[in-house]
Amino acid sequence: MKAFVHELGELKIKEMDEPTAQQGQVVVSIKVAGLNRRDLIIPNRLGNAGQALILGSDGAGVIDSIGESVEGFCVGDEVMINPALRWYDNSDAPPAGFDILGMPDNGTFAEKVVISAEQVEIKPEHLSWEEAGVVALSGLTGYRSLFTKGNVKKGDTVFIPAAGSGVSSFLIQFAKNIGAKVIVTSRSEEKRKMALELGADIALDTNGDWEKELADETIDLIIESVGRATFNRSLDVLKKGGRIVIFGATTEDTVDFDLRKFFYGQYQLFGSTMGSREELRSMLSHMEEFKMKPVVDHTFKFDQAQEAIDYLKEGKQFGKIALQINK
C-alpha cells in the first residue's frame, strides 16, 4: 500500500506492507485523513531516524478486515479513528500508556491502518468523509478544554486567541451552541471575518490593545494555545477569579508571569491535552444534536501530501486541512 512516511530525515510517499488485523484489531481503509500541527512537530523529533514511520493521527474510512474477538463492528462499516490511544474513561489526566496515534504507532496517512477496535467509532451520518476525517484530534482537544476543564456555561464570555486554528474553529461552534459569548483574535483580517461568519461575537486584531478594546467585557474563560506570545496579554483581560485553559504552545513554551498578581487575582489555571473516549463520544453526540460540522479549509489529494504539509506550515488555513486517500 502507499503511505506518507518520515524516513531518514525525509518525508515521502512510499510502498509499505499492508497491515493485518490481529486479535482485537480492525484494518480500516482510509478515505480521508486530517492534518494537525503534530504532523509538523514529529519529523523534527524523529530527526534522521532510519525506520519509516507513517504520519497522521486523524482519519475516517471503511473497515476492511476484522481480527478475532472483535465485537460490534462488521466489514464495510463506515468509521472514524479515535487517535487518543488507550484513554477510555474521563479522568483528570491521561492514564499511563496513553499515546497519540502517529508516533510511535503508524498513523493514518496511508491507504490502510490497523488499530484496536476500541479506537474506532461509527461515522456520524451527517458528516461527509472530508468532515469525519478531520474531526477527532482537534474537536476532542477543544471539547475537553472548553467543557471538562473550562466548565463553560450558558452566558459565559469565552476569549480565544488565534482564531484560525482547527481547534479554534471547533471552540467557536461549541461555545455558541450552548449560548456562550465568543471573542477571538487574529492578525488576519480575512480570518477575523471568517470567525465572525462562523459565529464569533467579536474578532480583534492580535496586534491591538486588548485591554482597551475589552474594557466593557467580562471574560469568564480563556482558551489559550499560543504560549509566550499571548499568555500575559490574555491574563490581563481575564476577570478576577476567571479560568484559563492551556492546550498548546505554538510559540515558546516557557512563560514568565507575576505570581503575586496571579494569586491576588484568584485566577484558575488548567492544562489540557486531547481527551478520553468518553469525551469523544459526548462530543460526537453534541455535534449530532446541533448538526455541527467542522470547517474544512482545503482538501488535498494523496499525491499532494507534501503540499498539504507545506500549506499547514504556512498557517494560512482557517479550520482543518484534509488529505483524500481513497475515493
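Predicted model: local features only at pLDDT ≥ 70, side-chain atom pairs only at ≥ 80, totals over all residues.
User: Is Asp64 buried, partly exposed or exposed?
Analyst: Its relative accessibility comes to 36%. Buried would need under 20% and exposed over 50%. The 36% falls in between, so Asp64 counts as partly exposed.

User: Which residue's side chain makes a polar contact of 3.3 Å with the side chain of Asp64?
Analyst: Skip the neighbours within four places in sequence, and Asp64 is in contact with Val27, Val28, Ser29, Val75 and Lys112. For the 3.3 Å side-chain polar contact, the partner of Asp64 is Lys112.

User: Now Glu7: buried or exposed?
Analyst: Glu7 lies in strand 1, residues 2–7. Its relative accessible area is 11%, and the cut-off is under 20%, so Glu7 is buried.

User: How long is the polar contact between the side chains of Glu7 and Lys14?
Analyst: Leaving out residues up to four places away in sequence, Glu7 touches Lys12, Lys14, Ala49, Gly50 and Ala52. The side chains of Glu7 and Lys14 are joined by a polar contact of 2.8 Å.

User: How is helix 3 oriented against helix 9?
Analyst: Helix 3 (residues 136–149) and helix 9 (residues 277–289) pack with their axes 9 Å apart, at an angle of about 95 degrees. Angles of 65 to 115 degrees count as roughly perpendicular. So helix 3 is, relative to helix 9, roughly perpendicular.

User: And how many charged residues are in that contact of helix 3 with helix 9?
Analyst: Among the residues meeting there are Arg144 in helix 3 and Glu279 in helix 9. By class, the contact has six nonpolar residues and four polar ones, and the charged residues number two.

Technical notes
Residues numbered from 1 in each chain as written. Heavy atoms only, no water. Axes fitted to C-alpha atoms, helices over the stretch in contact; angles between N-to-C directions. Helix = DSSP H or I, 4+ residues; strand = E, 2+ residues; numbered from the N terminus. Parallel < 35°, antiparallel > 145°, perpendicular 65-115°, else oblique. Contact = heavy atoms within 4.5 Å. Nonpolar A, V, L, I, M, F, W, Y, C, P; charged D, E, K, R; others polar. Buried < 20%, exposed > 50% of the residue type's maximum accessible area, 1.4 Å probe, protein only. Polar contact = N/O pair within 3.5 Å; in protein donor to acceptor, adjacent residues only side chain to side chain.
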